[in-house]
Every structure is written in C-alpha cells, then in structure tokens.
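Hi everyone, thanks for making time. Let me put the structure up, and then I'll walk you through a few parts of it.

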Amino acid sequence: MTRLAGAALPLLRLLPPETAHDLTLRALALGLVAAPDVAPDPLLRTSLWGRDFPNPIGLAAGFDKTAAVPDAMLGLGFGFVEIGSVTPLAQAGNPRPRVFRLAEDGAVINRLGFNNEGLDRVALRLGARSRRGIVGANIGKNRDSPDAVADYEAGIRAFAPLADYLVVNISSPNTPGLRDLQRRHEVTALLERLLAVRRAASPGRPPPLLVKIAPDLTEEERADLADVALTSGIDGLIIANTTVARPSGLRGIHTHEPGGLSGKPLFAPSTAVLAEMHRRTAGRVPLIGVGGIANGADAYAKIRAGASLVQLYTALIYQGPGLIERIKSEFAALLRRDRFDSVAAAVGSGG
C-alpha cells in the first residue's frame with residue numbers, strides 16, 4: 001500500500017475524528033491514495049445473488065455516506081462497497097462532537113445521526129458512475145419524519161435502478177425510535193411495502209433487498225427476525241450494526257459517551273449473533289457479517305460462522321488502507337490451510 005497513505009495516518013489521528021475523515025474523503029476523491037499493484041487472488045472470487053464478487057471483503061456503510069468515493073474504495077481492493085445511510089431529505093445529524101476514538105480498544109463511538117446530503121444529490125452522484133464493481137446503497141429515515149415507511153419507500157425508488165443491492169437500516173442507535181422497526185409486526189409490514197416498491201421501481205432485475213439488524217436484540221427478537229427473513233422474501237441480513245452496550249474492560253476515556261460502539265469490542269457479540277441467525281435460518285438466508293474485523297482471521301471467523309460476505313470500517317481508521325490487502329492475503333491463506341477450494345465452501349463451516 002502507498003507510503004503516502006501510511007505516513008498520513010499518524011497526522012490524521014492528531015485531528016478531530018470527523019475532520020480526519022473529511023480529509024481522507026477529499027484525498028481519495030483527488031486520487032491521492034494510489035491503488036495497490038496486487039494481482040487478484042482467484043480463490044477469493046465468490047458469487048451471490050447472481051453477482052460476481054472479486055473477493056468477499058466489503059466496505060461497510062458509514063464511511064462514504066454520499067457516494068463520493070465508491071470507485072476509489074473499490075480500487076483500493078474492496079470486493080464491494082456500501083454507501084449511506086441516505087435519508088430522503090438532507091440532514092445535518094446530531095451536534096458535534098459526535099465521533100470519539102477509543103484507540104486503546106481499537107474502537108469508535110459515534111452518534112452521527114444519519115448526516116447526509118439526501119436522496120436527490122446522492123442518487124445523482126451514484127447514477128453518474130460507470131457501474132464497474134459492486135456498490136450497494138443503505139437507506140434510512142429522516143429524524144423528524146412523520147412516516148418512516150414512506151421514507152424507506154423513497155429510498156428504494158431512488159436507488160433500485162442504480163445500486164447492486166439495497167439495505168434497509170432499521171438498527172442505528174442514533175435516530176430516536178428507529179430500532180422499534182425491528183419488532184416483528186413493524187418489520188413485516190415495512191418489508192411487505194418495500195418489496196412491492198422494489199418490484200415496481202426495477203421490474204427487470206430488481207436488486208437484492210437486505211435488512212441491517214442490531215447486535216443488542218433479545219432472544220425473542222432474534223427468533224422473530226429469523227422467521228421474518230425466511231418468510232418475507234428479502235434477500236439477506238447484515239449482522240450487525242453498532243452496539244449501545246459497553247463491554248467491561250474498555251479503557252478509552254470516551255467509553256461513556258452515548259452512541260453506537262464499533263470496532264474490536266463488537267467482534268465477539270456480533271459474531272455470536274451472526275452464528276445464531278445462520279442456525280435459525282438453516283443457512284437459507286444469505287448473511288453479511290460486520291463488526292470488529294481487523295485481520296484475516298476475523299474475516300475468516302465471520303465466514304465460518306455463516307456469513308457469505310463480510311464488511312469492515314473501524315479498523316481502517318487505525319490501520320489505514322493497507323489493511324485491505326493484508327486481510328485478503330491472510331484470509332486466502334486460511335482457506336488454503338483448511339483446504340477450502342472457494343469462499344462459499346467455508347460458509348458456516350464453523351458449526
């Protein structure tokens with residue numbers, strides 16, 4: 001990975017988190033972070049929903065909320081990129097400061113609150129790209145919207161013709177009342193409406209529709225969501241969003257800030273939920289595993305727990321873009337060690 005990107009990391013960490021992130025996006029947009037000169041490993045190719053992924057390592061939503069740099073991130077080696085979350089109307093999000101590094105814990109707490117430019121501007125930007133590489137769109141509701149379902153319907157209409165897959169984010173802890181939509185009755189009614197809108201918006205080859213869930217669900221809620229995933233007609237689940245829990249042993253001075261915790265402390269609980277949902281759905285619902293991935297072994301563990309694809313974000317803050325190729329190399333070595341001839345063959349192999 002580029003020396004420029006590696007040298008910039010210590011300097012970026014001296015800046016407030018959002019300032020550092022904004023500078024990173026500008027550098028990527030200007031082409032100042034060069035792509036690695038590494039040949040793709042054919043062992044990492046995988047297919048899902050009739051789409052071919054060069055590798056199963058994806059960029060989670062939250063890094064590129066406005067579709068500013070999806071192609072730059074694909075160029076850095078990600079197998080797919082997810083933009084958003086995007087709401088119908090532009091909104092500023094919660095007051096600053098609202099992002100806090102817990103460097104000692106390899107973690108971040110954020111309470112951004114769906115800050116984004118709104119559907120019209122983001123869809124225009126997404127529609128202008130060449131459509132090379134897989135890019136998904138993550139949609140949310142406006143904070144003060146009187147009709148959450150209508151907000152999600154607007155997101156489906158805007159992005160169904162443009163994105164390779166769609167994600168319904170009903171699990172962010174930073175929009176009041178949002179997680180209530182994960183309850184069985186609410187999510188069932190929501191998905192029935194959204195699947196109908198998707199069919200109308202993209203009748204030829206509708207993009208897969210996924211739901212992103214929280215790691216903090218009760219056992220009853222997990223059972224309900226597994227049943228909804230099996231019966232509703234959705235195409236997959238993303239497991240999991242940030243957590244409102246604060247595991248014991250956190251050392252960062254910002255531990256008690258409200259918001260969603262991501263990074264290393266989320267790895268174990270999110271992977272446990274992932275494995276449980278794989279069991280509850282008997283492997284019949286494709287899963288994307290996200291939460292705390294910081295190396296190839298973490299990615300491999302998610303796959304063995306039942307994920308067909310994985311995503312990361314927080315570890316990039318601490319390790320930089322060189323992390324992407326390291327994870328892919330380590331992951332491929334583990335597949336070869338265990339004599340798997342494909343990513344798909346390893347899915348759910350951990351029990």
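Okay, strand β7 (residues 134–139) and strand β8 pair in the parallel sense over four bridges; strands here are DSSP runs of E with at least two residues, helices are runs of H or I with at least four, and both are numbered from the N terminus. Two strands pair if DSSP finds at least two bridges between them. Quick background: this is a predicted model, where local features need pLDDT of at least 70, side-chain atom pairs count only at pLDDT 80 or more, and totals for chains, interfaces and linings use all residues. Residues are numbered from 1 along each chain as its sequence is written, and side-chain values use heavy atoms, with hydrogens and water left out.

Back to β8: its Y165 is the bridge partner of G136. Five of the five residues of β8 (residues 165–169) are buried, so the strand is largely enclosed by the rest of the structure. Buried means under 20% relative accessible area, exposed is over 50%, and partly exposed is in between, using a 1.4 Å probe and protein chains only. In a regular strand, side chains alternate between the two faces of the sheet. For β8, Y165, V167 and N169 cover one side, L166 and V168 the other.

Now strand β5 (residues 99–102): V99 and R101 on one side and F100 and L102 on the other are all buried. Four bridges join β5 to strand β6 (residues 107–110), running antiparallel, and R101 stands opposite V108. What do β5 and β6 form? A hairpin, with four residues between them, and G106 in the turn has a positive phi of about 60 degrees.
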